[in-house]
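Hi everyone, thanks for coming. Let me walk you through a structure that may be new to you, so please have a look at it first.

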Amino acid sequence: MNNNLTDGINFLSKLNGRRIWNAAKLYSSYYVSKTLKKPIHWGMPVVMEIEPTTSCNLRCPQCPSGLREFTRNTGMLDLPMYKKIIDEIHQELTYLILYFQGEPFLNKMFLEFVKYAAAKNIYTATSSNAHYFTDELAKATIESGLDRLIISIDGVDQESYQKYRIGGKLDKVLEGTQNLLKWKKKLGSTTPHIIWQFIAFKHNEHQIPEIKKLAKEMGVDELGIKTAQIYDYQTSDTFIPNNEDLSRYKKTENGYEIKNELLNQCWRMWRGSVITWDGLVVPCCFDKDATHRFGDVSKETFEEVWRGDAYQNFRGAILRSRSEIDICVNCSEGTKVWN
């Protein structure tokens with residue numbers, strides 16, 4: 001069976017009447033809000049991002065975790081608080097992303113996080129630089145019930161790979177991928193759906209045909225070609241690809257500007273939240289330093305934050321003038337998948 005179809009069927013298996021009804025309420029309230037230009041919100045999150053850690057073993061130059069530039073605290077999510085969050089939201093939650101900043105597998109409890117969510121039939125996903133998948137950890141990861149694993153691989157040789165993944169070793173990524181695929185086959189498991197993610201930069205854009213070939217030879221389930229978020233795109237084109245189809249930015253007479261139109265709407269503010277390792281609830285993954293804080297689930301329930309004034313006021317601000325919100329100015333989903 002087609003691997004993407006298998007993954008889709010697996011995701012659909014997580015749905016039930018309550019989760020479908022909740023999703024319908026979210027969609028309908030979102031469209032009513034867009035029409036009325038007023039933040040009306042029904043339902044609970046269908047998607048949640050929970051951060052296992054802000055720590056990372058690499059020093060990627062367009063990542064605040066890699067640059068060690070956070071003003072917020074660095075640390076590890078603990079199991080009791082994680083369980084508290086899941087217990088409060090699992091009945092409506094369909095999709096859980098166990099990633100925000102940092103390398104998730106540095107948290108020794110990571111697979112326990114996965115198992116706890118999997119036991120409640122929640123689709124689980126994460127993203128990793130794949131430097132820690134020893135034979136033992138690869139086997140444990142397959143057995144954990146993780147549904148989707150994105151592996152960052154931004155080059156087909158060490159020279160290209162290390163230009164962005166500073167401190168990383170491509171052979172570790174390849175070895176880790178091989179270990180995962182081996183145990184997936186040995187255990188007869190259809191999960192996790194393993195995706196190689198190749199972020200296109202100026203220095204590696206010419207390697208796309210090679211990464212497509214390597215992905216096919218390796219046998220991963222999917223290859224994703226992703227455009228890069230560049231923080232200094234207005235003053236530097238060091239990482240921006242020459243091929244504009246591979247970039248979130250377009251060149252103008254005055255430099256670069258972001259391609260996407262900044263509409264006064266955002267589905268993310270209705271569909272779900274991001275929770276940092278220490279319990280802060282923030283709007284989305286573009287608020288990497290948690291500057292917009294709606295509440296703290298270590299001190300209150302998630303629903304209290306979700307329906308609180310701070311969250312509603314932010315949704316209202318999005319509908320009025322999204323261009324005035326700092327984290328929205330450089331926002332773009334920007335992901336392309338090549339078959």
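This is a predicted model: local features need pLDDT of at least 70, side-chain atom pairs count only at pLDDT 80 or more; totals for chains, interfaces and linings use all residues.

Residues are numbered from 1 along each chain as its sequence is written, and side-chain values use heavy atoms, leaving out hydrogens and water. For the protein, mean pLDDT is 92, with 96% of residues at 70 or more.

Now the overall form. The protein has 12 helices and 12 strands; these are DSSP runs, H or I of at least four residues for helices and E of at least two for strands, numbered from the N terminus. Its C-alpha trace spans about 55 × 50 × 40 Å along the principal axes.

Finally, a helix pair. Helix 5 (residues 110-118) packs against helix 6 (residues 135-144) at an angle of about 20 degrees, their axes 9 Å apart. Axes here are lines fitted to C-alpha atoms, for helices over the stretch in contact, and angles run from 0 to 180 degrees between N-to-C directions. So helix 5 is roughly parallel to helix 6, a label for angles under 35 degrees. Helix 5 contributes L111, V114, K115 and A118 to the contact, and helix 6 contributes L137, A140, T141 and S144.

Key: Angles under 35 degrees count as roughly parallel, over 145 as roughly antiparallel, 65 to 115 as roughly perpendicular and the rest as oblique. Contact means heavy atoms within 4.5 Å. pLDDT is the predictor's confidence in each residue, from 0 to 100.
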